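Here are a few exercises to work through with the model open beside you. Try each task before reading its solution.

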Amino acid sequence: LREAGAVLLGKTNLSEWANFRDNDSISGWSGRGGQTHNPYILDRNPCGSSSGTGAAIAASLAAIGIGTETDGSIVCPSSICGLVGLKPTIGLVSRSGIIPIAASQDTAGPMTRTVTDAAILLNAIKFHDPDDAAMTGVKREWIVDYTASLQADGLRGARIGVARDYWGRNATVDVVTDAALEAMKKAGAELIDIKFPDLRKFGDAEFLVLQYEFKDGLEKYLRQRGAKYKTLDDLIKFNNDNAAREMPYFKQAILESSAKLGDLNSKEYVAAVETCRKYARELGIDKAVNDNRLDAIVAPSNAPTWMIDTVNGDCGSGYVGSSSLAAVAGYPNITVPAGFAKELPIGISFFSKAFTEATLIKLAYSFEQATKARRKPRFLPTYA
């Protein structure tokens, strides 16, 4: 970013351990930064884990921001804070220096107020790290100038799969996303209803993969940094020793269960990786795109965000999200503002096969220009 001429203004808060410390975590809260608030309504949650980036860019505290995602951590805070969020293909953007959850899913990506800004930012951060193993074998012809995709007529003639598995979960979301589909058709897109019959077959396997890779990747990171704390057990002990500051609202069940797992040679881990690849990639996105000759797939990004709740955490929020298919596959996903539920933003996501960012940006930009759905927070004095 510095080499591209950007001025770095600061670091942002994120959910504690990227929401991977406990099952009852609170998105946007960390022991270092406290609670991040949603700038549209301040007692509402900004989602996570890249909560601070979502809130800061939505509130125009900076022009552009970077989030990191394992599953939803760019897409969710972007959509819930009324932003464009682009989760790139694994191997397009360097992950060096990022505290990891999972090497198979983690990536940095743009969080911006417009698709144009996302394309410019992606150009600056794409493909330049030979030390990232995920970039091995990535062909330079797959990496293009993403600003060339900023075409207002980009939806014309596009074949877009409508992932109907994500409709019918929330009536308010359906109203907004149905209107978004109509806007796509009006702009010249052909919509094809599709289903993912294996959608629920990789959830448990994904969580297991994340736990194994979290322990492996985090301990490697700590060793490379020369940190005082070397292992996951060291971090668990630190939290216990500082429980009043670090665990006032929720505990660390995920850290504790992850610490008990073996290494990446475990048969359990290898089988889980195979399950994820099979149902998210081969029988998931790849099959849907190939069988229907699709340019992309669309799905709702989020439901209206929930109240910040230090008693119950994020549970019972009525969360609607579609990030997992692309996240587990390691494929790109871009969310764009689609409308509002009263004052709360609703986004729609476009995702597809690996290294199709240029196509997704073209579709997202065309949708953005056709709808102009985003509006800035009103900063109601009631919540000041």
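**Exercise 1: a bridge and its strands**

Find the residue in strand 8 that is the bridge partner of Gly161.

Solution. The partner of Gly161 is Ile297. Next, look at the strands: strand 6 (residues 159-163) and strand 8 (residues 296-300) run parallel and are joined by 3 bridges. Strands here are DSSP runs of E with at least two residues, and helices are runs of H or I with at least four, numbered from the N terminus. Two strands pair if DSSP finds at least two bridges between them.

Before going on, note that this is a predicted model, where local features need pLDDT of at least 70, side-chain atom pairs count only at pLDDT 80 or more, and totals for chains, interfaces and linings use all residues. Residues are numbered from 1 along each chain as its sequence is written, and side-chain values use heavy atoms, with hydrogens and water left out.

**Exercise 2: the sheet**

Work out the strand order of the open sheet of 8 strands.

Solution. The order reads 3-5-4-9-10-8-6-7, with mixed pairing. At the edges, strand 3 (64-69) and strand 7 (190-194) each pair on one side only.

**Exercise 3: helices across the sheet**

Solution. Finally, compare helix 3 (residues 115-125), which runs at about 145° to strand 5 (107-112). These angles, from 0 to 180 degrees, are between N-to-C directions of lines fitted to C-alpha atoms, for helices over the stretch in contact.

Key:
Contact = heavy atoms within 4.5 Å.
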